[in-house]
Amino acid sequence: MPLQKPWRPLDRDAVASAPNRPGVYELGDESGTVLSIDHGVLRDELKTVLAYGDGERVRWTETHTLDRAGELADEHRDRLE
């Protein structure tokens, strides 16, 4: 099951608006197909993703801890398979 958040273009504005907190994020292609799911400190992760051009769109959800972000990312990956 994908995150229940709207897609945003993966650009500098999205990275700048990402919280400096742990969370789960999905990368998507232009049509909104989920390409990957990962977790970490959102702003730092998205800076790296933007630099490598791994997707066209992004959406995320915050968590209170990195451990919880990892658990959620695993749950979302399992549902995607």
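Val-15 touches Arg-43, Leu-46, Lys-47 and Leu-50, leaving out residues up to four places away in sequence; contact here means heavy atoms within 4.5 Å. The structure is a predicted model, in which local features need pLDDT of at least 70 and side-chain atom pairs count only at pLDDT 80 or more, while totals for chains, interfaces and linings use all residues. Residues are numbered from 1 along each chain as its sequence is written, and side-chain values use heavy atoms, with hydrogens and water left out.

Val-15 also belongs to the largest nonpolar core, which has 11 residues. A nonpolar core is a set of buried Ala, Val, Leu, Ile, Met, Phe, Trp, Tyr and Cys residues joined through side-chain atoms within 4.5 Å. Buried means under 20% relative accessible area, exposed means over 50%, and partly exposed lies in between (1.4 Å probe, protein chains only). Besides Val-15, the members of this core are Leu-10, Ala-14, Ala-18, Tyr-25, Leu-27, Leu-42, Leu-46, Val-49, Val-58 and Trp-60. Two or more residues each are given to this core by α1 (12-17), β2 (22-28), α2 (42-52) and β4 (57-62). Helices (H or I, at least four residues) and strands (E, at least two) are DSSP runs, numbered from the N terminus. Helix α2 supplies the largest share of the core, 3 residues. A second, separate core has 7 residues, including Leu-3, Val-24, Val-34 and Ala-73. In soluble globular proteins, nonpolar side chains tend to be buried together.

Within α2, Leu-42, Leu-46 and Val-49 are buried. These residues lie on the same side of α2 because they cover an arc of only 60 degrees around the axis, the arc being that of the directions from the helix axis to the C-beta atoms. An α-helix has 3.6 residues a turn, so residues three or four places apart point the same way. The buried residues of α2 pack against α1, β2, β3 (34-41) and β4. On the face of α2 turned away from its buried side are the exposed residues Ala-51 and Tyr-52.

Two strands pair if DSSP finds at least two bridges between them. Strand β1 (residues 8-9) runs antiparallel to β4 and is joined to β4 by 2 bridges; Pro-9 has Arg-57 of β4 as its bridge partner. Strands β2 and β4 also run antiparallel, joined by 6 bridges. In this pairing Leu-27 stands opposite Val-58 of β4, and both residues are members of the largest nonpolar core.

A salt bridge is a side-chain nitrogen of Lys or Arg within 4 Å of a carboxyl oxygen of Asp or Glu, and by this rule the count comes to 7 salt bridges. One of them joins Arg-21 to Glu-62, with the closest N and O atoms 2.9 Å apart. This pair links distant parts of the chain, since Arg-21 is in the loop between α1 and β2 and Glu-62 is in strand β4, 41 residues apart. Arg-21 counts as partly exposed because its relative accessibility is 34%, and Glu-62 is partly exposed with a relative accessible area of 43%. Arg-59 forms a salt bridge with Glu-26, the closest N and O atoms lying 2.6 Å apart. Arg-59 lies in strand β4 and Glu-26 in strand β2, so the pair ties together parts that are 33 residues apart in sequence. Arg-59 and Glu-26 are both buried.

Arg-68 and Glu-75 meet through their side chains in a salt bridge (3.7 Å, N to O). Arg-68 is partly exposed at 35% relative accessibility, and Glu-75 is partly exposed at 31%. Salt bridges with shared partners join Asp-38, Asp-74 and Arg-77 into one network.

Arg-77 is placed in helix α3 (residues 66-80) and counts as partly exposed because its relative accessibility is 27%. Apart from neighbours within four places in sequence, Arg-77 is in contact with Ile-37, Asp-38 and His-39. The side chain of Arg-77 makes a polar contact with the side chain of Asp-74 (2.7 Å). A polar contact is a pair of N or O atoms within 3.5 Å; within protein, one must be able to donate a hydrogen and the other to accept it, and residues adjacent in sequence count only if both atoms are side-chain atoms. The Arg-77 side chain also reaches the backbone oxygen of Ile-37 at 3.2 Å. Between the C-alpha atoms of Arg-77 and Pro-2, which are 75 residues apart along the chain, the separation is 8.9 Å.
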